[in-house]
Amino acid sequence: MYDSRPGLNSQRLVRLMQQAIERCDLQLDNLTVLTEAATGAYAVTPVIAAIAGAKKVFAIARSSRYGTLEQVQAQTLELAELAGVSDRLEFLTQKTADIIAQADIITNSGHVRPINAEMIAQMQPTAVIGLMYEAWEFRPEDVDLIVCRQRHIKVAGVNERHPSVDVFSFLGIMAAKLLLDAGVAVYTSNILLLCDNPFSSFIERGLVNAGANVDTVDSIAAAPIDKTYDALLVALQPRPEPVLSTIDAAAIAKYWPGALVAQYWGDIERSAFVSHNIPLCPEVEPKPGHMGILPSAVGPEPIIRLQTGGLKAAEVIWRQSLQSDNSGMEFVQML
């Protein structure tokens, strides 16, 4: 799906990228970056690296349900040309040993994953893997952390709550967007927030600021059964088994009939919810472990902040390994 929303026009995206780079003081001078090129707001990642001074940015691009290879390359090149850095980008459709061996910074972006033992063996010893999320959100299927530690390849998560990154402040807006798209107006709505992780206060504050009445608990067992809700917003950290089971679906149908269940984060036993006629959103089930609403749904800002912050965390660790420089560690969450 090519994102044609006017808020994602190229001039605005370049300006937002430049502002984020300046805020984070991202400096990738003379480094080589391996990342992906994607559609919509996600087209920015290789361009951010190039604007920040990278001498070479390898961007893996492929056709997907979000857009064709040609659309990805055209949008990314338009941004890069507008920013005057198109000569530093090279598009690839596959990651090869030769390219991996050149990279100083490798992101865990979709087309770059999985970063497995074979790929890690091809990295130079000083390479840094930059995660585009916080360390506690780590997904083992993304990166073989055991092999990274055996080879002393450093893996850096990003502090999304750093004032210059500040991605968590969009969590409440994303929750409101998910509910609005499902037909819950948020303002004056009664919402039960199920959240057991650091997202909690940010989501709650965003919904309350939009006028919702919010009760927050960390499990369905702790929820009040004597109240009525317009929606249950599920933001529970994924685990091997569903965060809401068949038993939970039966309880929700019994105690809060008619309430929408909004799957913000955490896998749920959807078939059980359907069998109880519990309304669900989003309509399309998220991939296991992934969020039910992308940050880009509310605009390009959280994506640009996240990608810039992720590259900054990786830059800090790369420089630290060569120069014993500990500045900028507040951007980093090491794994």
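Which residues have the most contacts inside the largest nonpolar core? Select Met-17, Leu-28, Ile-48, Leu-79, Ile-304 and Leu-311. This core has 44 residues. Keep in mind that the model is predicted.

**Stop 1: the largest core**

Now colour the elements around your selection. H1, H2, H3, E6 and helix H11 (301–323) each give two or more residues to this core. H11 supplies the largest share, nine residues. In soluble globular proteins, nonpolar side chains tend to be buried together.

Zoom in on Leu-79. Beyond its neighbours within four places in sequence, Leu-79 is in contact with Ser-10, Leu-13, Val-14, Met-17, Ala-43, Val-44 and Val-47. A second, separate core of 27 residues includes Leu-171, Ala-175, Leu-233 and Ala-235.

**Stop 2: helix H3**

Select residues 69–83, which form helix H3. Its end C-alpha atoms are 21 Å apart.

Which residues of H3 are buried? They are Leu-69, Val-72, Gln-75, Thr-76, Leu-79 and Ala-80. They lie on the same side of H3, because they cover an arc of only 145 degrees around the axis. Turn to the other side of H3, and you find Glu-70 and Glu-81 exposed.

Go back to the buried residues of H3. Their packing partners are helix H1 (10–24), helix H2 (44–51) and strand E3 (89–92). Then step just past the end of H3. Gly-84 is there, with a positive phi of about 75 degrees.

**Stop 3: the seven-stranded sheet**

Show the strands next. Seven of them form an open sheet, in the order E3-E2-E1-E4-E5-E6-E12, with mixed pairing. E3 and strand E12 (332–334) are the edge strands, and each pairs on one side only. On average, neighbouring strands of this sheet are turned by 25 degrees against each other, direction ignored.

Strand E2 (residues 56–60) runs parallel to E3, and four bridges join the two. Pick Phe-58: its bridge partner in E3 is Glu-90. Now bring in H2, which packs on the sheet and touches strand E1 (32–36), E2 and E3. The direction of H2 makes about 165 degrees with that of E1.

Move along the sheet to strand E5 (residues 128–130). Three bridges join E5 to E6, and the two strands run parallel. Val-128 stands opposite Lys-154 in E6. Is E6 mostly covered or mostly open? E6 is mostly covered, with four of its five residues buried.

**Stop 4: after E6**

Follow the chain out of E6. Pro-163 sits in the loop between strand E6 (154–158) and helix H7 (171–181). Pro-163 has a relative accessible area of 67%, so this residue counts as exposed. Pro-163 and Phe-331 are 168 residues apart along the chain, but 9.4 Å separates their C-alpha atoms.

**Stop 5: helix H8**

Select residues 200–209, which form helix H8. Ser-200, Phe-202, Ile-203, Gly-206 and Leu-207 are buried here. What do the buried residues of H8 pack against? They pack against H7, strand E7 (190–195), strand E8 (213–217), strand E9 (231–235) and strand E10 (260–265). Just after H8, find Gly-211, where phi is positive at about 100 degrees.

Show the four marked residues again: Leu-171, Ala-175, Leu-233 and Ala-235 are among those of the second core.

**Stop 6: backbone details in the loops**

Two cis peptide bonds can be visited here. One joins Arg-113 and Pro-114, with omega of about -5 degrees. Pro-114 is in the loop between strand E4 (105–107) and helix H5 (117–121). Another runs from Cys-281 to Pro-282, with omega near 0 degrees. Look for Pro-282 in the loop between strand E11 (280–281) and H11.

Next, check phi at Thr-188. Thr-188 is not a glycine, although its phi is positive at about 70 degrees. This residue is in the loop between H7 and E7.

End at Asn-277, in the loop between helix H10 (270–275) and E11. Asn-277 is a residue other than glycine with a positive phi, near 60 degrees. Its relative accessibility is 68%, so Asn-277 counts as exposed.

Notes: Residues are numbered from 1 along each chain as its sequence is written. This is a predicted model: local features need pLDDT of at least 70, side-chain atom pairs count only at pLDDT 80 or more; totals for chains, interfaces and linings use all residues. Side-chain values use heavy atoms; hydrogens and water are left out. The expected span of a helix is 1.5 Å times one less than its number of residues. Buried means under 20% relative accessible area, exposed over 50%, partly exposed in between (1.4 Å probe, protein chains only). The arc is that of the directions from the helix axis to the C-beta atoms. Contact means heavy atoms within 4.5 Å. A nonpolar core is a set of buried Ala, Val, Leu, Ile, Met, Phe, Trp, Tyr and Cys residues joined through side-chain atoms within 4.5 Å. Two strands pair if DSSP finds at least two bridges between them. Axes are lines fitted to C-alpha atoms, for helices over the stretch in contact, and angles run from 0 to 180 degrees between N-to-C directions.
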